[in-house]
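Hi,

Here is the structure I promised to pass on. Please have a look, then read my notes below.

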Amino acid sequence: MSGFTPYAEALPVNNKSGKKFSRAEVAKHNKPGDLWCIIDTAVYDLSKFADLHPGGANVLHDKTVAGCDSTEVFFGLHRSSVLDKYQRLIIGQIENEKPLIIVPQVATLSPVPYAEPAWLSKGYHSPYYNDSHRKLQKEMRYFFDTHVTREAQMHELNNKRPTVELIKLMGTPRWHLNAMRLGPGKHLKGLTLPGGLKGEEFDYFHELIITQEISRIGSRGYSDGLLGGMVIGLPPVMNFANPELKKKVVPAVLSGEKHISLAISEAFAGSDVAGLRCTATKSADGKYWTINGTKKWITNGHWSDYFTVGCKTDKGLTVFLVERDDNVDTKLISTSYSTSAGTAYITFDNVKVPSENMLGPENKGLLVILANFNHERWVMCCGAARGARFVTEECFKWAHQRKVFGKPLIEQPVIRAKFADMFSRCESGQAWLEHITYQMKNMTYLEQNNHLAGQIGILKAQLTRNLHHIADNAVQIFGGRGITKGGMGVHIEGFQRTYKFELPPGRESEYHG
Ligand SMILES: Cc1cc2nc3c(=O)[nH]c(=O)nc-3n(C[C@H](O)[C@H](O)[C@H](O)COP(=O)(O)OP(=O)(O)OC[C@H]3O[C@@H](n4cnc5c(N)ncnc54)[C@H](O)[C@@H]3O)c2cc1C
Ligand code: HEM
């Protein structure tokens with residue numbers, strides 16, 4: 001154990017038996033069929049497990065492992081979640097010794113340097129956050145650590161959508177998470193939010209916290225599956241629908257009973273929104289519209305009940321709230337991330353929509369669509385800044401765990417230089433994001449549109465460039481594991497495959513400035 005820097009993301013030892021052993025006693029169990037080893041003072045009986053070990057039995061029979069302390073070699077090869085899964089192999093603990101690995105408890109802050117934004121780091125100050133932000137952050141960390149992370153990791157791999165039970169839990173009065181994700185506004189009036197926060201006091205920093213806690217789960221497709229479509233699809237309903245339509249749709253979506261997505265992009269028109277080809281034609285009596293056309297890449301579209309759809313009308317664009325019926329067909333699009341995001345290709349085939357479902361004025365849909373973009377891009381900036389930090393933390397832990405040429409990777413100057421680069425990108429990105437968030441907090445909606453569209457656009461471009469550099473460094477630091485699914489590099493492999501997902505949604509980054 002000497003010289004082992006304990007930054008592994010480890011879990012508490014579950015020594016149910018309460019038995020204590022000396023190291024000499026463990027050393028006697030060192031052969032096939034009678035095989036023990038020590039990992040961070042816990043004693044594991046691997047006698048039966050050896051033949052099932054995914055890394056093979058012979059590595060466990062090696063004389064440096066069998067009957068020995070294998071802590072260092074173990075954490076050089078496995079994520080600590082492996083131990084969580086195999087706690088049943090623990091038969092006791094080494095007497096008079098305490099575990100040395102730093103143990104992050106559920107819902108606590110990471111002790112790894114730069115793993116948390118400065119405002120959450122010990123000894124640092126920030127003008128932007130008060131007690132209510134700190135309380136909400138704690139509640140959100142608890143929520144995502146206990147209710148979401150495990151499901152997210154499973155569903156990212158098996159492509160299943162987030163469970164309906166979880167979405168509904170998010171909508172309960174205990175959490176009001178779905179409502180909070182839409183940002184400050186009238187929809188929060190009168191609510192008591194987690195941490196005792198009053199709905200009226202909810203600001204953009206509270207929202208930033210929620211988005212950043214979601215990004216810590218590290219499963220990119222699943223995170224979008226977790227109502228990414230609602231975050232961009234419901235605001236046009238809240239801002240532009242008539243009162244009856246709002247009353248029908250908004251509570252049903254916020255409670256998790258119904259799902260909604262934003263359907264603007266098409267194979268024919270992505271960045272160039274004005275070039276949409278999906279048409280809406282008014283009936284002779286003006287009572288309904290008929291929609292025909294297709295939409296592409298619609299997040300959560302595959303399971304949506306409602307679609308906020310941009311359509312071409314005779315003198316411009318018009319936006320409608322379309323309810324799923326037999327004339328709406330959705331099929332999953334396979335992208336580089338998990339289909340747990342529900343990314344869909346949609347066909348509208350003579351779909352009849354009542355005129356009351358029009359969102360905003362006829363032929364003025366471009367304004368409705370554009371009104372959405374600043375907030376959508378800012379949400380993506382919050383996620384991108386936190387995603388960068390999450391991966392940097394994974395790399396920092398690994399660089400302490402992994403030994404090459406007889407010493408931990410972190411001791412190599414070229415690796416340390418990479419960390420300097422990654423830390424500076426995390427810190428500067430977050431600082432700029434907080435500066436813009438502070439402007440949003442103090443500006444009216446109109447002022448935000450006048451002053452911040454450019455700022456948010458170039459921030460998004462900058463943060464996505466940061467992700468590119470961080471992904472490059474991360475793969476270099478993790479070596480083969482950075483491009484291997486599962487195991488130690490699971491989050492790095494996922495990140496280098498999916499970081500570009502911050503680019504196209506919210507329209508592209510490079511022409512934002
Ligand atoms: C995973 C995912 C989820 C999405 N979710 C949704 C959703 O929920 N709802 C929705 O409506 N849409 C969604 N989109 C669509 C997304 O908004 C579009 O992909 C995006 O607007 C870009 O359009 P495009 O892919 O057609 O690229 P194009 O418009 O064909 O652009 C191609 C390239 O040219 C560049 N380019 C375009 N115009 C210019 C210019 N003027 N100057 C310089 N460069 C330019 C772009 O940056 C891009 O790199 C999603 C996309 C993805 C990949
Ligand atoms: C409690 C004890 C152990 C358990 C439960 C366990 C379990 C696992 C599991 C689940 C995997 C596959 C998943 C992954 O790659 O993370 C694995 C891989 C592996 N294990 Fe273990 N293991 C244990 C101890 C050890 C020890 C002491 C060694 C020491 C040499 C070892 C060497 C390996 C190797 C070489 C691999 C393949 C890693 C790779 O492909 O990168 N294991 N182990």
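Helices α13 and α14 meet through a set of side-by-side residues in this predicted model. On the α13 side, the residues are C381, C382, A385, A388, R389, T392, C395, F396 and A399. On the α14 side, they are I415, F419, M422, F423, R425, C426, G429, Q430 and L433. By type, the residues of this contact split into 13 nonpolar, three polar and two charged.

Now the geometry of the pair. Two packed helices are described by the angle between their axes and the distance between the axes. Helix α13 covers residues 365-401, and helix α14 covers residues 413-442. They pack at an angle of about 155 degrees. Their axes are 10 Å apart. An angle over 145 degrees counts as roughly antiparallel, so α13 is roughly antiparallel to α14. The crossing of α13 past α14 is left-handed.

Next, the whole chain. The protein chain has 16 helices and 17 strands. Its radius of gyration is 26 Å, close to the 24 Å from the globule rule for 513 residues, so the chain is as compact as a globular protein of that length. Along the principal axes, the C-alpha atoms fill a box of roughly 90 × 50 × 40 Å.

Two more figures on the packing. Of the 513 residues, 45% count as buried. Take the contacts between residues at least 6 apart in sequence: 73% of these join residues at least 24 apart.

Best wishes

Technical notes:
Residues numbered from 1 in each chain as written. Chains lettered and ligands numbered in written order. Predicted model: local features only at pLDDT ≥ 70, side-chain atom pairs only at ≥ 80, totals over all residues. Helix = DSSP H or I, 4+ residues; strand = E, 2+ residues; numbered from the N terminus. Rg over C-alpha atoms; globule rule 2.2 N^0.38 Å. Buried ≥ 20, exposed ≤ 12 C-beta atoms within 10 Å, placed from the backbone. Contact = placed C-beta atoms within 7 Å. Axes fitted to C-alpha atoms, helices over the stretch in contact; angles between N-to-C directions. Parallel < 35°, antiparallel > 145°, perpendicular 65-115°, else oblique. Left-handed = near helix turned anticlockwise from the far one by under 90°. Nonpolar A, V, L, I, M, F, W, Y, C, P; charged D, E, K, R; others polar.
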